[in-house]
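Work through the exercises below with the coordinates open. Try each task before reading its solution.

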Protein chains: 2
Amino acid sequence: MQIDSINIAQTASAATIIYEALKKAIIEGQLADGAPLRQDEIAKMFNTSRIPVREAITMLEQQGLVVTQRYKGAVVAGISPDEAAEIWDFRALVEGHVIEAAVPRMSDETLELARSYLMAFSEGATPVDWGDQNRKFHTILYRDSGLFYHLGVIEKTLDRVDRYLRAQLALSNGLARANREHEAILAACERRDATRAAELTRQHILGAKTNLLDNLRKR
Amino acid sequence: MQIDSINIAQTASAATIIYEALKKAIIEGQLADGAPLRQDEIAKMFNTSRIPVREAITMLEQQGLVVTQRYKGAVVAGISPDEAAEIWDFRALVEGHVIEAAVPRMSDETLELARSYLMAFSEGATPVDWGDQNRKFHTILYRDSGLFYHLGVIEKTLDRVDRYLRAQLALSNGLARANREHEAILAACERRDATRAAELTRQHILGAKTNLLDNLRKR
DNA sequence: CACTTGCATATTGTATCCAATATTCGATAT
DNA sequence: ATATCGAATATTGGATACAATATGCAAGTG
C-alpha cells in the first residue's frame with residue numbers, strides 16, 4: 001500500500017509520557033533534590049488517575065532518579081560529593097573505552113554532526129543549551145562503537161548526573177575549558193587516533209570532576 | 001526500650017515481593033527466554049490484584065529483564081550472541097577496574113569469606129549452586145572497593161546475564177577452569193597484588209566469553 | 001510549659017470495575 | 001481448499017473506590 005502510516009501500537013502509554021516528563025524535569029533541575037513527587041498532584045497535571053503516575057514513579061526509582069519510602073512517597077534523589085566523584089570515575093572508565101572502540105568505525109557524517117554540536121555548544125546562551133549540546137556532542141562520538149549495552153549504561157549514568165554536569169559547565173572556567181577540550185577530542189577523532197581520543201576523553205571527564213568537586217566543597 | 005523490634009516501614013510492598021520472586025525465576029532460568037508473563041496468572045499466584053503485578057513488571061522492564069509491548073504484555077528478554085559478547089566485554093572492563101580498587105582495602109574477613117565461597121563452589125552439585133557461589137565469590141572480592149555505583153551497575157549486569165553465566169559454567173570444561181582461575185585471582189588478592197588480580201579477572205571473564213560464544217554458535 | 005494521646009486530614013497501596021486492544025476461531029464466499 | 005471477515009474471548013491499560021499508613025494539630029495530663 002502507498003499510505004504514509006505510523007505504527008499506532010508504538011504510541012506511548014500514559015505512564016511512559018508521565019515518566020518522560022518527570023525525568024526531563026528532574027534532569028533539567030526544575031525539580032530540586034529532595035522535592036516530593038505527590039501522586040495526586042501529578043495525576044491532576046496530566047489529567048489521569050494515579051495508576052500511570054505510580055508506574056512512572058516506579059520507573060524513575062529503578063533509574064535511581066528518585067527514592068521512595070513506603071506510605072511516604074517519592075522524593076528527587078540527590079547526590080553526595082563522594083557519589084559524584086565515583087560516578088565521574090565511572091564515566092571516565094566507560095566513556096574512554098567506548099570512544100576508543102568508536103573511532104575506527106566513525107563515519108564522516110558523525111564527525112560533521114559532532115562539529116555542528118560543538119558550534120552550537122559554543123554559541124549556546126543558557127545552562128540548558130550548554131548541557132544539551134554537550135551531551136549531544138559526547139553521545140554522537142560514542143554511537144558508532146555499536147556497543148549498545150555500554151551506550152545504555154552511559155545514558156542512564158548521564159541522566160543521573162545531568163544536573164550536576166550543567167552546574168559544572170556553568171562554573172567560571174567551565175565553558176571555555178570544555179570547548180578547548182572538546183575541540184581536541186574531535187581533532188583526535190578526525191585523525192582516527194583512537195588511543196588519543198580515549199585519553200583526552202578520560203582527562204576531560206576527570207578534569208570536570210575535580211572542577212565540580214572543588215566547587216561542591218566550597219559551598 | 002528493650003524490645004526486639006524491626007522497622008515495619010521497611011517491610012516490602014506486594015509489588016516488591018512479586019518483583020523479587022519474578023526476578024529470581026528469570027535469573028535462575030525457570031522462566032525461559034520469550035516466556036510470557038500473564039498479569040492475571042501472576043496475580044492469582046500471589047493472591048493479589050493485578051496492580052502490584054504491573055508495578056513489578058515495570059521494574060523488570062527497567063532492568064532489561066523483560067520487554068513489553070503495549071496491549072500485548074511482557075515476555076522474558078533473551079540475549080543474542082552479539083549482546084552477550086558485548087556484555088562480557090563490559091564486565092571485564094568494569095569488574096577489572098573495581099577489583100583493582102578493592103585489593104588495597106581488602107580485609108582479612110573478606111579474604112576468608114571468599115575462600116569459603118570458593119570451597120562451596122567446588123563442592124556444589126547443581127548449576128544453581130555453582131552460579132550462586134560463583135557470584136558470591138566475585139561479588140565479595142569487589143565489595144571493599146566501596147565503589148557503590150560501580151557495584152550497582154555490576155549487580156544489574158550480572159542479573160541480566162546470570163542464566164547464560166550458569167550455562168557457561170555447566171559446559172564440559174567450565175567448572176574446572178573456573179576453579180583454577182578463581183584460585184589464582186584469590187591468591188593475587190592475598191598477595192595484595194591489585195594489578196595482577198585485575199588482569200586475572202579480566203582474563204577470566206574474557207575466557208568465559210569465548211567459551212560461551214563457541215557454544216552459543218554451535219547450537 | 002513540656003509531653004503525651006487521640007482524632008482529623010493527607011497520602012500512599014491495593015482491589016475492583018470498565019475501556020481499549022489483541023487473538024482465536026468459526027462462518028462464509030470465491 | 002483457502003482466504004477473508006466478524007464475533008467471541010482473552011489480555012492489557014486506566015479510572016474509581018476503598019484500605020492502610022503517616023502527619024499535623026488540638027486537647028488533656030503531669
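**Exercise 1. Find which backbone and side-chain atoms reach a phosphate oxygen of DNA strand C.**

Step 1. Start with the backbone of A:Gln39: one of its N or O atoms lies 3.3 Å from a phosphate oxygen of DNA strand C. This is a polar contact, a pair of N or O atoms within 3.5 Å; within protein, one must be able to donate a hydrogen and the other to accept it, and residues adjacent in sequence count only if both atoms are side-chain atoms.

Step 2. A:Arg38 places a polar side-chain atom 3.2 Å from a phosphate oxygen of DNA strand C.

Ground rules: this is a predicted model, where local features need pLDDT of at least 70, side-chain atom pairs count only at pLDDT 80 or more, and totals for chains, interfaces and linings use all residues. Residues are numbered from 1 along each chain as its sequence is written, chains are lettered from A and ligands numbered from 1 in the order in which they are written, and side-chain values use heavy atoms, without hydrogens and water.

**Exercise 2. Describe the protein surface near DNA strand C.**

Step 1. Collect the residues with a heavy atom within 4 Å of the strand. There are 18, and A:Arg50, A:Arg54, B:Ala14, B:Ser49 and B:Tyr71 come nearest.

Step 2. Sort by class. The surface has seven nonpolar, five polar and six charged residues. Ala, Val, Leu, Ile, Met, Phe, Trp, Tyr, Cys and Pro count as nonpolar, Asp, Glu, Lys and Arg as charged, and the others, Gly among them, as polar.

Step 3. Assign elements. Helix 3 (50-63) of chain A and helix 3 (50-62) of chain B each supply at least two residues. Helix 3 of chain A gives the largest share, three residues. Helices are DSSP runs (H or I, at least four residues), as are strands (E, at least two), numbered from the N terminus.

**Exercise 3. Which residues join helix 2 of chain B to helix 3 of chain B?**

Step 1. Apply the contact cut-off, heavy atoms within 4.5 Å.

Step 2. List both sides. B:Gln39, B:Asp40, B:Ile42 and B:Ala43 in helix 2 meet B:Arg50, B:Val53, B:Arg54 and B:Ile57 in helix 3.

Step 3. Classify them: four nonpolar, one polar and three charged.
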